[in-house]
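Walk through this structure one region at a time. Keep the sequence beside the 3D view as you read.

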Amino acid sequence: LVGAAQYLSRTRMFDGTVYFIFQPGEEGYAGAKAMIDDGLFERFPAEEVYAMHNWPPLLAGQIGLNSGPMMSSADRVEITICGKGGHGAHPHLTVDPVLVAAHIITAAQTIVSRNVAPVDNAVLSLCSLQAGSPGAFSVVPREAKLIGTVRTSKVDTQELIERRITELVESTARAFGAEANVVYERIYPATINHPLQARFAGDVAAELVGEDNVVRNLAPSMGAEDFSFMLQARPGCYLRLGQGGGPSNCFLHNTRYDFNDAVIPLGAAFFSALAERRMPLSELQAFKEGR
């Protein structure tokens, strides 16, 4: 983005205004939403927005996108199970929340497989279980906590999973004589490209790298991205910049990941070309300015 800003400010081969948004706090802090709430598009009235993220599965020199969901929503689920603690040697005098948690974990896996239509994308992962103390091997704890995430591409599917996990958790706990509470937080909405802007961005990419190197039907990722808030506020497109073939082709969020610096010029060129193609100078303007 800095490279595009340097180039466009020097050449001025476009008729309009380009805003460069350096978005903070993408990883879990919804920096895009904070900027919008702070009046981003009132202060800088952009008509369209575009963003790009590097993508190791694509080869360097390739650009990927689609005209619909690019990334899923990201929801946080916290389940608190309250039982009755006691001595592990006398389990009949307890209501074991660990046992309840185990049944909830198993049952929760049926929500996607038996409630969500096979043609819809959805993921439900319970990623953390906290209960008791490793040093207290003979103590049945009073409480257990599960934390996980739900990923969907459609609001209807999101609402279905929220409803079903709440029903399942409460009824499963009740069947064992325990109580359970679900806190369901919708963190990021799905990142959904607008068809017109996606087609335009794909055409610009094809001019730069050739149609054979543009993947226009890139499969959606079940990861999440807070650029989704900007796409709710303005039409636009989110793209993937291929970076495979660098020193390390590990996937994102891997401790051995290494960004392929060789793709930086292409990323800058793409952003620059977006502005020049979307807001072209007329031939008369270019002639008068000696361009």
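Start with a pair of charged side chains. Lys-33 forms a salt bridge with Asp-37, and their closest N and O atoms are 2.9 Å apart. The model is predicted, so this distance is a computed one. Both Lys-33 and Asp-37 belong to helix H2, residues 31-37. They sit 4 residues apart, about one turn of the helix. Side chains of opposite charge can pair when their charged atoms come close. With a cut-off of 4 Å between a side-chain nitrogen of Lys or Arg and a carboxyl oxygen of Asp or Glu, the count comes to 13 salt bridges.

Next, turn to the open sheet. It has 4 strands, in the order S1-S12-S2-S11, and the pairing is mixed. Which strands stand at the edges? They are S1 (49-59) and S11 (214-215). Each has a single partner strand, so one side of each is left without a neighbour in the sheet. S1 pairs with S12 (residues 236-244) in the parallel sense, over 8 bridges. Within S12, Arg-240 stands opposite His-53.

Two helices pack on this sheet. Helix H6, residues 195-209, touches S1, S2 (63-64), S11 and S12. The direction of H6 makes about 35 degrees with that of S12. Helix H8, residues 264-278, touches S1, S2 and S12. The direction of H8 makes about 145 degrees with that of S1.

Now follow strand S8, residues 143-152. Strand S4 (residues 74-82) runs antiparallel to S8, and 8 bridges join the two. Strand S6 (residues 122-131) also runs antiparallel to S8, joined to it by 9 bridges.

Finish at the second largest pocket. Rolling a probe the size of a water molecule over the atoms shows where empty space is left. This pocket has a volume of about 180 Å³. Its lining consists of 14 residues. Which of them lie nearest its centre? They are Val-155, Pro-189, Ala-190, Ile-192 and Gln-232. Helix H5 (155-175), strand S10 (191-192) and helix H7 (227-233) each give two or more residues to the lining. The largest share, 3 residues, comes from H7. By class, the lining has 5 nonpolar, 8 polar and 1 charged residues.

Notes. Residues numbered from 1 in each chain as written. Predicted model: local features only at pLDDT ≥ 70, side-chain atom pairs only at ≥ 80, totals over all residues. Heavy atoms only, no water. 1 Å grid on protein atoms, 1.4 Å probe; cavity = no way out; pocket = protein on both sides within 12 Å on 5 of 7 lines; lining within 4 Å. Points joined across faces, edges and corners; volume = space filled by probe spheres on them. Nonpolar A, V, L, I, M, F, W, Y, C, P; charged D, E, K, R; others polar. Pairing = 2+ DSSP bridges. Contact = heavy atoms within 4.5 Å. Axes fitted to C-alpha atoms, helices over the stretch in contact; angles between N-to-C directions.
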